[in-house]
Every structure is written in C-alpha cells, then in structure tokens.
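Subject: Structure handover

Hello,

Please find the structure below, followed by notes on what was found in it.

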Amino acid sequence: MATFLRPGERKPSAFGVSFDSDRDGEAALPMPAVPNQGLQHQRQKLPVSKHRTEILYLVEHHQTTIIVGETGSGKTTQVPQYLVEAGWAQGGRMVACTQPRRVAAMTVATRVAEEMGTHLGQQVGYSIRFEDVCTPGVTHIKYCTDGVLLRDMLADPLLSAYSVIMVDEAHERSLATDVLLGLLKKVQRRRPDLRVIIASATLEAEKLASFFDASTVRGRKAGPVPGTVSKASALLSVEGRTHPVQVHYLEQPTSDYVQTAVQAAVNLHEEDMPGDILIFLTGQEECDRCTNLLEEEARRLRRRQGALRLMPMPLYAGLPAAQQLQVFQPPPRGYRKVVAATNIAETSVTLEGVVYVIDSCFSKQKVYNPLTGLESLLVAPISRANAQQRAGRAGRVRPGHCLRLCTEETYERELRAATVPEMQRSELAGTVLQLKALGIDNIMAFDWLAAPPSETMVRALELLHALGALDGDARLTKPVGQQMAELPLDPRLGKCLLQAAASGCSAEVVTIVAMLSVQSIWAGAHGEKKALNAAKMRFAVGEGDLISYLNVWKAWEDSGRSRKWSHTNFINHRTMLRAADIRNQLCSHLRRVSLPLASCDGDVTTVQKALAAGLFTNAAQLSDTIYESLDPAYTGTNMYRLVRGAAGQQVKLRIHLGSVLWSCKPQWVLFYQVQQNSSGWYEMQDLVAVQPEWLTECAAWEAAIAAAEAAARCEAQPVTGLGLRLEPRLCAVQHL
DNA sequence: GAGCACTGC
C-alpha cells in the first residue's frame, strides 16, 4: 500500500521504496468533495498523468525536482493537485505555484478550482498584486506571480507557510524567476523539508539542474537510498501535446522584413488554405505599418471572386482595450485574420486559429550599459529558443507552418541558442535593494543563477548608497532603506515619495510616481499624431512632463474618471485605472509606516525638489547644438550632457520629441527614462526641469560626488572576461 | 528631429 509522507514525517518504510502502482496510489488519496467527472476524465488524458507516481516519488525523495514539460503537458494544473492529494498540504502548509504573469496565475487557479470542484479562493486560490483570493487555513494550492512570492518573503523569509514551491515557466528566465530560484536554493539549506519543483521547457533545464546540485539524477532508478531525502536534484521529462510545425526559411536575406512579411502573408493567403496568420514584429510602429500595407493588399485582392478576404489587425500592449479585444474574436465568415503582433503574442496571449506564423526573428530587448547607467530598448535578433516558441504558436489547433524571414544559414549561425537572462541585461538597483532587505549582505557573493556583470552590481550599490538606502558599509539603512524596500516602486521613485512625505507634498508625488509606474498613458491611435500632441499640450507646463502628469490626473479625477473623457483626450483609460490602483496601494503603504499624505497646494517647487531627491542621478545639462544635416531649414539638435557620466562615457543625449519640454530646452533637466533610437541618440523621456542648486541640496548627492572624487585616486580594477575596466570612482562604496 | 518589447511588486 502506497503511503506518501509529508515533510517532517520521514519514516523509512520496510520495503524501501514507498510506492507500488498508480492504482494503489490513487486509492489511498483523499479525493475532492465534489469532483467534476468530465473534468476528471480529461485530467487523466493529459500527458503528465502518466508520470504522476514518478513525480510524487521524486518530490518525496529530492529537495529539488526539475520537470521538463512542453506545451500542453498539463504540468501547471496537475502537479499541484497531485501534491495535495499526496498529503503535502496537510498540517496547514500550502503548495505554491508561481507564474511570471498575472493572467496566468488567475486563469490556472480558476481552472484547477473547477477541476477540484471547489470555489476559487477556498482550497485553490491565487495571489497577484491588488488581488489576494486565498483563505488562510483553507487554501491548499496557491497560484501566484513570482513577484508576489518575493514580496511575501520580506515578511516570511523562510517561506514557512509552504511545503512545496513550484516555479513554473522557469525557462523564461525573468528577473523575478532568477532571483526567486537563487533565494530558494538558500532557503533549502535552512529548511531541508521544503521541496522545490522547477518547471521548464527544454533548453534551460540542465542548467537549472546543475545550479541546484551538481550530482543530478535522472528518473527513479538512480534515486537515493530509500527513506532519505537527496540534495541532488532530479530531472524528469514529460512530453507535450502540440501539432508539428513545418519551418521554412528565406532563400535570400531581406533588408525590409515588414515588406517581406506582407508579401509572404499575401502569398500564403493566395494559396487558399484555411487558417489565420500571425506575424511577429518588434514594435508598435512596425505593426501599424504592416497592417497598413496589408490593408492595401486586401483592397487589391478583394476583386477576386470566391476567395477568403484578408482581415489585417495589429496587436501590441499599448493598443486601446476595444481594439485589443477585436483581435481575439473569431473572424467573420469568409475572412482570414492576419495579426501583426509584438512579443505579446509569444507568451502573454494566445490567438486561437493560427496556422501560419511569419517571424521577423527580431524583437526589442532590454539592454543595460553599466558604464553610462542607461537602460534602453534595442532591436536585436531573437534566440533560437524564442524562435521555437514563436513557431509553436502555429501548431495549437492543427499542423502548421512557420516562415522565418532570414536564411537558414543566418538562423543557425547568428541566432544564439538561448536569450541572455534578463538578470544580465537589467539595471539592478531594485533587485539589490530587495535582496538587502531579505538579509543577503554580500550581494557580490550571492549565488546567482546567472551572475550579472560586476559593474552592474556595483552601479546598483552606488545608486542605493546615493539614495540613502545603504550606508557606507552597504548595509540597509533604517528607516529610509527599509521603507524604500517595502514600497512596490523603483528605488528612485521610492526615494521621491519618501522625500515628498518629509517635505509635505506626498499627495502630489504619489500621483506622479504611480503614473510613472505604468506604461504610457497616451493612447496613440495611428494617424492621429497631431491631435494627440494637441491633447498633450493642453496639460503641459514648463516644469516638465512629471508636473504635467499632475494636470492630467486632476482633470481625469474631475471628469469622474470618465472613459469618454479619456477617449477625447487621447488617454488610455485602462492605464489610468491601473495608475489609480497603484496610487491607492502606495497610499496604504504610507499609512502603514505612518508617513503623512499631505498636499503642498500648488507649490510646484517643493514637488520638483522632492523629485530631484530621487532622480538626481539622471541629471542632464544643455551643452551643444549639433548640426548634422545639410538642410538649411535644419536648426540643429540640442545635445545634453549626462552629469553623472565620466568624461569618456558621454552619449548623444537629447530630449525626446514626445516630451513637453522638447521645445523649451531648459538648462538643467532630470529624466526618468531614456529611449535609444535607431540613429544612436539616447532620448530622454519623462522630464522635470530643475535648478542646479537643488541637486547639490541633496546631501546624498554631495556624498556621491565626494566618494567619486576620493575614489578617482584609486587604481582602476580590471574586470575579468568583459575587457572592461571598473570605473575608479565606484570602489568607494564597495566594501562587501 | 517624429514615437514607447514584455512582464512584475
């Protein structure tokens, strides 16, 4: 008779291995109160169900189990249920399953609740930002975003509420996933009873296995001595359930993949085979352009009799909600959808009915340069793993085709096997602050799944030190550092808010930082640029974009948060509602730490100064006018100088055309972010105009300058592998 | 001089 032991109940069984067969195992398990018979039948048909016993065995005997499961294997919905059935939720502990995206956590929890015949929020719940649908003491399975679990760790660092943590979609290697895995490895040393399951698509699995332990075992035959728990991780593969996708390449490379994609879509269309077409492009502009070109083609083709008609539509995150919903509707009879989408269609949403994928093999990727301290987006070739994921989107309903807009040789030679983990391409101040708050003192020695460049870590420590979150020994300060770590904000914005609370303008600044925490509030439907600009200028003030946001917020509130008002003012209503949610959450955080929510009643200078306290590291001064055109009407580009950057690290910096300060060109500005355009210019967005003396008013700023000057005398340290040298001024902060 | 991949707290 099979018995599956709970953590802390280790008793070596007389026969060693404590399982026999699936049937016995099932019989011993408590079933849900009202199982849905139809769903139970479907459950048993999932590929993962064949591995139920093996999974439970491995989890019982190994601290870490890695499950390689392809799309459609059922691991996300089934594994947590198996664990609960085997008793892992007894004794009040929960099984958690983390997801990189909110929607996934929500929909999977809903599905599993249905399968278990329970109400969502009872035995099965989910927890995402703004929504905790769980009942303490009742919920056994909790689906949550990895970000939420990381936040939870601030209050419960050893995750004592959980018996098993399953980290899903680990192959995506998102920032939060990587941090979580690093922390889980640490927690396991203190909590040998904690089980970690990592679910990943192929490629990354080996790396994950060796990270958790070098002596990885495969399958049950190589299992440990019965009755003991092995620290070696176990690796198990579960087949997926998708249709084959035939891949095609270009014979000749193309210089304009948007045009080529349009042509390819038309060719596919003219073959009159049924099925929708999905085109992967890099950004909003390309998707709109592609849609326009396809519309021209559709008009031309309409004259043909009897054939399917083309129905082109764009898909990207910034699209107004109504237009986005349209993409998910099945096309009217006689029409074929052609969706020109960004990366959003790679993982975040699924389009039913797609049989053809046309892949540009490019995407916009976040890159961080620790020498300039600038994070921006760059169009770059995707990885082969991404390309496979994209191709898979053609095989969801029936066998499909994928056309890659490059030659096979280029694909094999120039695309890397896997994407560089986000950890190695990001600015890390927020991550480092979070780790510090969790008591990870030595960031440089942290067991990273993929160690970021050391310059990036030093940069992050330097920024946190300048913001006053870390002291000279790189320890979290109280209360500033602690409060900043608790705020769900970028550390710079957190500092703005704390400063505002101290100077009596938190009511204003909480609005500004909430609006900076969402994507652009401007809803730019294509062909309406002028009207959008006019709308923007109605709210614009000379103090900059951040102060202008206050005007937008007030007008939106005065309209009663009207959707119609948003529409007429070219504002994305959905984005505003999200900013409002964030604003609420931040207000309750302030209340909890007894910081006042006070208004400065129109004293803009106080607001600007509070913003300067958090953004001073992103200061720029108007320097030269550059004439790079022969056009006599061209008046030149006003270039800004990055105040913080060392002389050798200057970049071509200017104000983004979308900023309200574009035509004002103030002497001194602070910016929240930069965008790198195709001609190499860094363009500052979300600006605030400042006086230079406000910058020196920031005590931390002076400290940073002093530290820099002192450190400049140090010998620069070589950094291995990258051929880069650590900036000398950075070593002053670093005592780890 | 003309525009902002995608997530997450």
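This is a predicted model: local features need pLDDT of at least 70, side-chain atom pairs count only at pLDDT 80 or more; totals for chains, interfaces and linings use all residues.

Residues are numbered from 1 along each chain as its sequence is written, chains are lettered from A and ligands numbered from 1 in the order in which they are written, and side-chain values use heavy atoms, with hydrogens and water left out.

Thr64 is found in strand E1 (residues 64–69). Helices (H or I, at least four residues) and strands (E, at least two) are DSSP runs, numbered from the N terminus. Contact means heavy atoms within 4.5 Å. Leaving aside neighbours within four places in sequence, Thr64 touches Gln188, Val196, Ile198, Phe212, Ala232, Ser233 and Ala234 by that criterion. Between Thr64 and Asp213 the C-alpha to C-alpha distance is 8.6 Å, although 149 residues separate them in sequence.

**Chain A as a whole**

Chain A has 736 residues, of which 53% are buried. Its secondary structure comes to 25 helices and 22 strands. Of the contacts in chain A between residues at least 6 apart in sequence, 72% join residues at least 24 apart.

A crossing is left-handed if the near helix is turned anticlockwise from the far one by less than a right angle, and right-handed if clockwise. For the residue classes, Ala, Val, Leu, Ile, Met, Phe, Trp, Tyr, Cys and Pro count as nonpolar, Asp, Glu, Lys and Arg as charged, and the others, Gly among them, as polar.

The crossing of H3 and H4 is right-handed. H3 contributes Arg52, Ile55, Leu56 and Val59 to the contact, and H4 contributes Val79, Tyr82, Leu83 and Glu85. By class, the contact of H3 with H4 has 6 nonpolar, no polar and 2 charged residues.

On the H4 side the contact is made by Thr76, Thr77, Gln78 and Gln81, and on the H5 side by Val108, Arg111, Val112 and Glu115. The residues in the contact of H4 with H5 divide into 2 nonpolar, 4 polar and 2 charged.

**Aromatic pairs**

Rings of Phe, Tyr and Trp (its six-membered ring) pair if their centres lie within 6.5 Å; planes under 30 degrees apart count as stacked, over 60 as edge-to-face and the rest as tilted. Searching the whole structure gives 7 aromatic pairs. One of them, Tyr257 with Phe362, is stacked, at 5.4 Å centre to centre and 15° between the planes. Tyr257 lies in helix H9 (residues 257–270) and Phe362 in strand E15 (residues 362–369), so this pair ties together parts that are 105 residues apart in sequence. Tyr257 is buried at 14% relative accessibility, whereas Phe362, at 29%, is partly exposed.

The ring centres of Trp553 and Trp556 are 5.5 Å apart with the planes at 50°, so that pair is tilted. Both residues lie in helix H20 (residues 545–558), 3 residues apart, about one turn of the helix, and both are buried. Trp522, Phe539 and Trp565 form one aromatic cluster.

**Two further buried residues**

Thr342 lies in the loop between strand E13 (335–341) and strand E14 (354–359) and is buried at 12% relative accessibility. Its contacts beyond four places in sequence include Phe280, Gly283, Cys287 and Tyr316.

Gln483 lies in helix H16 (residues 480–486) and is buried at 17% relative accessibility. Beyond four places in sequence, Gln483 is in contact with Leu498, Val593 and Leu595.

Regards

Notes:
Buried means under 20% relative accessible area, exposed over 50%, partly exposed in between (1.4 Å probe, protein chains only).
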